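Here is a short briefing on one protein chain. Keep the sequence and the 3D view open while you read.

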Amino acid sequence: MGPGSAWWRSGGAPGGLRRWLSLSPSPVPRLCVVGSGPAGFYTAQHILKVPGGGWRCPHPLTCDFLLLQHHGRAQVDIYEKLPVPFGLVRFGVAPDHPEVKNVINAFTQTARSERCAYYGNVTVGRDVTVAELQQAYHAVVLSYGAEDNRVLGIPGENLSGVYSAREFVGWYNGLPENRDLKPDLSCETALILGHGNVALDIARILLSPLCLLRKTDITDGSLAALACSKVKRVWLVGRRGPLQVAFTIKELREMINLPGARPVLDPADFTGLENVVKDAPRPRKRLTELMIKTALEKPGEKRMEVQAAAPREWVLKFQRSPQEVLPTADGRRARGVRMALTHLEGSGDSAKAVPTGDVEELECGLVLSSIGYRSLPLDPAVPFDTQRGVIPNSSGRVEGVPGLYCSGWVKRGPTGVIITTMNDSFDTAQSVLEDLQVGVLDVSTSRGGFGAVESILRSRGVRPVSFSDWEKIDAVEVARGKAAGKPREKIVDPQEMLRLIGH
């Protein structure tokens, strides 16, 4: 059934297959991924390890031969603007969720593959353009995530004491660009706008006992700031109701069981919801039932004593939309937020919050906006939908640009958890593999890959960081962490990272 068979000569195989398998030896397919977070690594992992679907060959032996050639030889290079890899797994996942970071082990195995290479400290769009990458590779996958946050668009948003969730999370997780944030934690009340998992992460970090945080990989600087924090109350405020919250049951349960912090849920928000939610999908039903139980059931005597003695509290507030961040008398700092009270039109996830005309003021000294992340355009050569904050695509194929693909948040928007990104990235990788299989991607001409890119970077004074370089940085972080009784002590200054590896 191979290239010499009558079936082959008669045109039984598609043109792309015949062209590939007639070449001897066939050129190595060279692919690159921009971004080393979960989307980037899952895309690379699937391209390197998982035989693809799509078009089904009527002669499996021939196709098995093709896939062996292909998967056995394809090279994937991963580019990252920071010296260190793993994106949101390192800089987004909460420090007290180490189990979520275990995916780093699988990513490390991918990076150590002889057919995969990592090049950190390279900013695509500045150090090398997407067009230059397209010249050097048969396919380019953009997986660079969401580097910005959605804005509230209200007066007072730029006052001192107002922060986006993205920069606050980056601060306590050691994202270099946020290392100098220095949030003022001298107030007693913090207000978080948003009802997603990131909002709960921030509330938990603000209210967690220090003895718990000291055992995590939270940065030394943020731990010192939290040790001096006066925050003892956190309001979590959303525009819609209990049936529309975006956080998941695991994160809610963690908050309810957080030592030293009592949950405050207004029974009036939950009365009668048992009947409304009985036919809801199971995850929504279980989540709402846990909120109802927390709001309406009287806790046992022992738990009541524990809650009464708790020095801190967190409060869920619903159907309030921010109108203005209120300034202090000198006009410099936030002292509270004016809220428009809302009622809901419609039901379920599609319900819309409509202002009632009533307002209230919530006094607080710290405002954190957790209303979503936002992707930015990378390069003028790449189409970008500014309205939706995504690259226009079909199953990861960038519209109008053959050979260019995208995966992760820049493909679908900043939603979902790591498993969502994994499935999404496998979908894009599948598109790449299908296009290789049927000849949409022409690999008959060899491409220079990193060899071509390296000379461009050298001419621009850019020195990439290899995965073995990262492993040296990693070893130092782990050693420093061990000395302090934590998993690692993250280095937050890129210049220190580069000095450690002799750059």
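The model is predicted.

**Helix 3 and helix 6**

- Helix 3 spans residues 38-49, and helix 6 spans residues 103-112.
- They pack at an angle of about 50°, and their axes lie 10 Å apart.
- That angle makes helix 3 oblique to helix 6.
- The two helices cross in a left-handed way.
- On the helix 3 side, the contact is made by Pro38, Phe41, Tyr42, Ala44, Gln45, Leu48 and Lys49.
- On the helix 6 side, the contact uses Val103, Ala106, Phe107, Thr110 and Ala111.
- By class, the residues of this contact are 9 nonpolar, 2 polar and 1 charged.

**Helix 12 and helix 14**

- Helix 12 covers residues 249-256, and helix 14 covers residues 282-296.
- Their packing angle is about 20°, with the axes 9 Å apart.
- Angles under 35 degrees count as roughly parallel, so helix 12 and helix 14 are roughly parallel to each other.
- The crossing of helix 12 and helix 14 is left-handed.
- Helix 12 brings Ile249, Leu252, Arg253 and Ile256 to the contact.
- Helix 14 brings Arg286, Leu287, Leu290, Met291 and Thr294.
- The contact of helix 12 with helix 14 has 6 nonpolar, 1 polar and 2 charged residues.

**Aromatic rings**

- How many aromatic pairs are there? The count comes to 15.
- One of them joins tyrosine 79 and tyrosine 137. The pair is edge-to-face, at 6.3 Å centre to centre and with 80° between the planes.
- Tyrosine 79 sits in strand 2 (residues 75-79). Tyrosine 137 sits in the loop between helix 7 (130-136) and strand 4 (139-142).
- This pair links distant parts of the chain, 58 residues apart.
- Is tyrosine 79 buried or exposed? Tyrosine 79 has a relative accessible area of 1%, so it is buried.
- Tyrosine 137 also counts as buried, at 2% relative accessibility.
- Another pair is formed by phenylalanine 86 and tryptophan 470. Their ring centres are 5.9 Å apart and their planes are at 85°, so this pair is edge-to-face.
- Phenylalanine 86 lies in the loop between strand 2 and helix 5 (87-91). Tryptophan 470 belongs to helix 19 (residues 467-484).
- The pair therefore ties together parts that are 384 residues apart in sequence.
- Phenylalanine 86 and tryptophan 470 are both buried.
- Which residues form one aromatic cluster? They are Phe41, Tyr42, Phe86, Phe107, Tyr118, Phe426, Phe467 and Trp470.
- Among them, Phe41 and Tyr42 belong to the helix 3 side of the contact with helix 6, and Phe107 belongs to the helix 6 side.

**Phenylalanine 384**

- Where is phenylalanine 384? Its place is the loop between strand 15 (373-374) and strand 16 (393-394).
- Valine 398 is 14 residues from phenylalanine 384 in sequence. Their C-alpha atoms are 9.6 Å apart in space.

**Glutamate 363**

- Glutamate 363 lies in strand 13 (residues 352-363).
- Its relative accessible area is 42%, so glutamate 363 is partly exposed.
- Not counting residues up to four places away in sequence, glutamate 363 touches Thr189, Trp235, Arg335 and Gly336.
- Asparagine 423 is 60 residues from glutamate 363 along the chain. The C-alpha atoms of the two are separated by 42 Å.

**Positive phi angles**

- Glutamine 319 has a phi near 55°, a positive value in a residue other than glycine.
- Glutamine 319 lies in the loop between strand 10 (312-317) and strand 11 (320-327).
- At 27% relative accessibility, glutamine 319 counts as partly exposed.
- Serine 395 is not a glycine either, yet its phi is positive, at about 50°.
- Serine 395 is found in the loop between strand 16 and strand 17 (397-398).
- With a relative accessible area of 36%, serine 395 is partly exposed.

Methods: Residues are numbered from 1 along each chain as its sequence is written. This is a predicted model: local features need pLDDT of at least 70, side-chain atom pairs count only at pLDDT 80 or more; totals for chains, interfaces and linings use all residues. Side-chain values use heavy atoms; hydrogens and water are left out. Axes are lines fitted to C-alpha atoms, for helices over the stretch in contact, and angles run from 0 to 180 degrees between N-to-C directions. Helices (H or I, at least four residues) and strands (E, at least two) are DSSP runs, numbered from the N terminus. Angles under 35 degrees count as roughly parallel, over 145 as roughly antiparallel, 65 to 115 as roughly perpendicular and the rest as oblique. A crossing is left-handed if the near helix is turned anticlockwise from the far one by less than a right angle, and right-handed if clockwise. Contact means heavy atoms within 4.5 Å. Ala, Val, Leu, Ile, Met, Phe, Trp, Tyr, Cys and Pro count as nonpolar, Asp, Glu, Lys and Arg as charged, and the others, Gly among them, as polar. Rings of Phe, Tyr and Trp (its six-membered ring) pair if their centres lie within 6.5 Å; planes under 30 degrees apart count as stacked, over 60 as edge-to-face and the rest as tilted. Buried means under 20% relative accessible area, exposed over 50%, partly exposed in between (1.4 Å probe, protein chains only).
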